[in-house]
Amino acid sequence: MSEEYKSGIEEGIELESKRKVSTPSLFKVFLLNDDYTTMDFVVLILENVFHQPPVEATRIMLHVHKNGKGLAGIYTREIAETKVSEVHEMSQKNNFPLKCTMEEA
Ligand code: TYC
């Protein structure tokens, strides 16, 4: 019998395991402060990579500048990994040391 159409007493177990595997873990992506990256570049990253509206992008940038670290967005693993790579690639191309990290939410 196919996995999809199991019934009876096993159904509860099947539904439970199905729900578990289909709920993806979420990851927080953070920007880190440094002394060299310009504020304008960080705002540009927040707007273009993390799709933050301009006012929110500026708020997050100033939070990072003041506190050392700030949340840029929350994503599933692969998307978070891509965001981190995009930030590092754009920073490298523009000769800035801006760093980005991710951790499970
Ligand atoms: N501290 C930087 C400056 O004074 C600005 C900055 C903000 C850098 C946030 C990185 O993630 C950062 N130019």
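This is a predicted model: local features need pLDDT of at least 70, side-chain atom pairs count only at pLDDT 80 or more; totals for chains, interfaces and linings use all residues.
**Close-up 1. The crossing of helix 2 and helix 4.** A pair of packed helices is described by the angle between their axes and the distance between those axes. Here the axes of helix 2 and helix 4 (residues 77-93) come within 11 Å and cross at roughly 145 degrees. The crossing of helix 2 past helix 4 is right-handed.

**Close-up 2. The shell around the ligand.** Welcome to the ligand site: the residues around the ligand are Leu32, Asn33, Asp34, Thr37, Met39, Val42, Met61, Val64, His65 and Leu98. By class, 6 of the shell residues are nonpolar, 3 are polar and 1 is charged. At least two shell residues come from each of helix 2 (39-48) and helix 3 (54-67). Helix 3 gives the largest share, with 3 residues.

Close-up 3. Take a look at Asn33 to begin with: one of its polar side-chain atoms sits 2.8 Å from a ligand nitrogen atom. Thr37 takes part through its backbone, where a polar atom is 2.9 Å from a ligand nitrogen. On its own the ligand would expose 350 Å², and the protein buries 88% of that area.

How values were computed:
Residues are numbered from 1 along each chain as its sequence is written. Side-chain values use heavy atoms; hydrogens and water are left out. A residue is near a molecule or strand if one of its heavy atoms lies within 4 Å of it. A polar contact is a pair of N or O atoms within 3.5 Å; within protein, one must be able to donate a hydrogen and the other to accept it, and residues adjacent in sequence count only if both atoms are side-chain atoms. Accessible areas come from the Shrake-Rupley method with a 1.4 Å probe; for residues, only the protein chains shown count as cover. Helices (H or I, at least four residues) and strands (E, at least two) are DSSP runs, numbered from the N terminus. Ala, Val, Leu, Ile, Met, Phe, Trp, Tyr, Cys and Pro count as nonpolar, Asp, Glu, Lys and Arg as charged, and the others, Gly among them, as polar. Axes are lines fitted to C-alpha atoms, for helices over the stretch in contact, and angles run from 0 to 180 degrees between N-to-C directions. A crossing is left-handed if the near helix is turned anticlockwise from the far one by less than a right angle, and right-handed if clockwise.
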